[in-house]
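I opened my notebook to look up a few things here, starting with how the strands pair. Come and look along with me.

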Amino acid sequence: MPTPSHLKNPRYFDFRAARRVPESHAWPGLHDHPVVDGGAPGPDAVPVVDLGEAEADPAAAVARAAEQWGAFLLTGHGVPAELLARVEDRIATMFALPADDKMRAVRGPGDACGYGSPPISSFFSKCMWSEGYTFSPANLRADLRKLWPKAGDDYTSFCDVMEEFHKHMRALADKLLELFLMALGLTDEQVGAVEAERRIAETMTATMHLNWYPRCPDPRRALGLIAHTDSGFFTFVLQSLVPGLQLFRHAPDRWVGVPAVPGAFVVNVGDLFHILTNGRFHSVYHRAVVNRDLDRISLGYFLGPPPHAKVAPLREAVPPGRTPAYRAVTWPEYMGVRKKAFTTGASALKMVALAAATELELDDAGADPAVVHQQLLVSS
């Protein structure tokens, strides 16, 4: 793990050799809120949107899930199950590489791609129980030469599978974006007009982040990924059949465990989509926990705007007689706001809100559970 540690290589933590959770990886406050099963029937059942024939009105299902949860399970999406199996297999093979090979690809300061812990980890004195690798599908083969400088069969196989996956996911992203816009109540003509003006689908960028959460000798003390919201538009999460993803919900505060449904993606709404929809579709805090007996693998396929594009509420998302709840920001500008918000304990979304925004539009932009963790770390 490319974070300071007590082991021989000062930049790598050998999870396989760990027989206990060292203080460097022990997190306080992990059990301040109860955890409920999101796969059981009832009000905490994670919503499911089926893009196949089973869903009579998928746009309405997307609207309910995005408004009430900011996340949902997506089935019937058409991405072949055998491809998803190959993706998971290639990810496992990559993380099984020797430490020296992975350290060759360490993400340096300011780098967006490479091997390493999540960028949010730089705000914490504690380390997460995970390894990650980030790359751009547009530069896949160049990025992966960091891991496989001599190319070879493993390199070729990995790149071929990820390029095939990217092709399917980019088409699915366009389809889901159209559904999101229809879920706002836009007609086909209005969806076309929005795309002509904003060029959201045309310019939307993709980033892939691979995660490996090794089995942990004491999962109650460790954390795979700190609670956070995604900053972009929306994210597809492919997770192995070992559950670990949890969503944060209010009234009362609790964590909802997302069931590991074979072949399903988890879709998370991000902060910039929260802004684009004027707060109607809200971003969701989520975290990843670890397992005592089993490794877990996940892949995040992140969609967002190009760096130069200003993101502001759609006119169609602002109720008649009202003004937009948020000012226009670029993705880099918003990341700067998030950094400032994180260090001060504020809400990034509230920091880009306009004075006319109502409490209803801002009530899902409240305290960040990650900030709570940071405050616990400072006081402990």
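I count two strands as paired if DSSP finds at least two bridges between them. Helices (H or I, at least four residues) and strands (E, at least two) are DSSP runs, numbered from the N terminus. This is a predicted model, in which local features need pLDDT of at least 70, side-chain atom pairs count only at pLDDT 80 or more, and totals for chains, interfaces and linings use all residues. Residues are numbered from 1 along each chain as its sequence is written, and side-chain values use heavy atoms, leaving out hydrogens and water.

Entry one: strand 6.
I found F135 opposite M208 in strand 6. Strand 5 (residues 131-135) runs antiparallel to strand 6, and five bridges join them. I also looked up strand 13 (residues 296-304), which pairs with strand 6 in the antiparallel sense over nine bridges; there, G304 is the bridge partner of T205.

I traced five strands in the order 1-10-9-12-7, with mixed pairing. Strand 1 (35-37) and strand 7 (225-228) are at the edges with a single partner strand each, so one side of each has no neighbour in the sheet. I noted R287 in strand 12 as the bridge partner of Q246.
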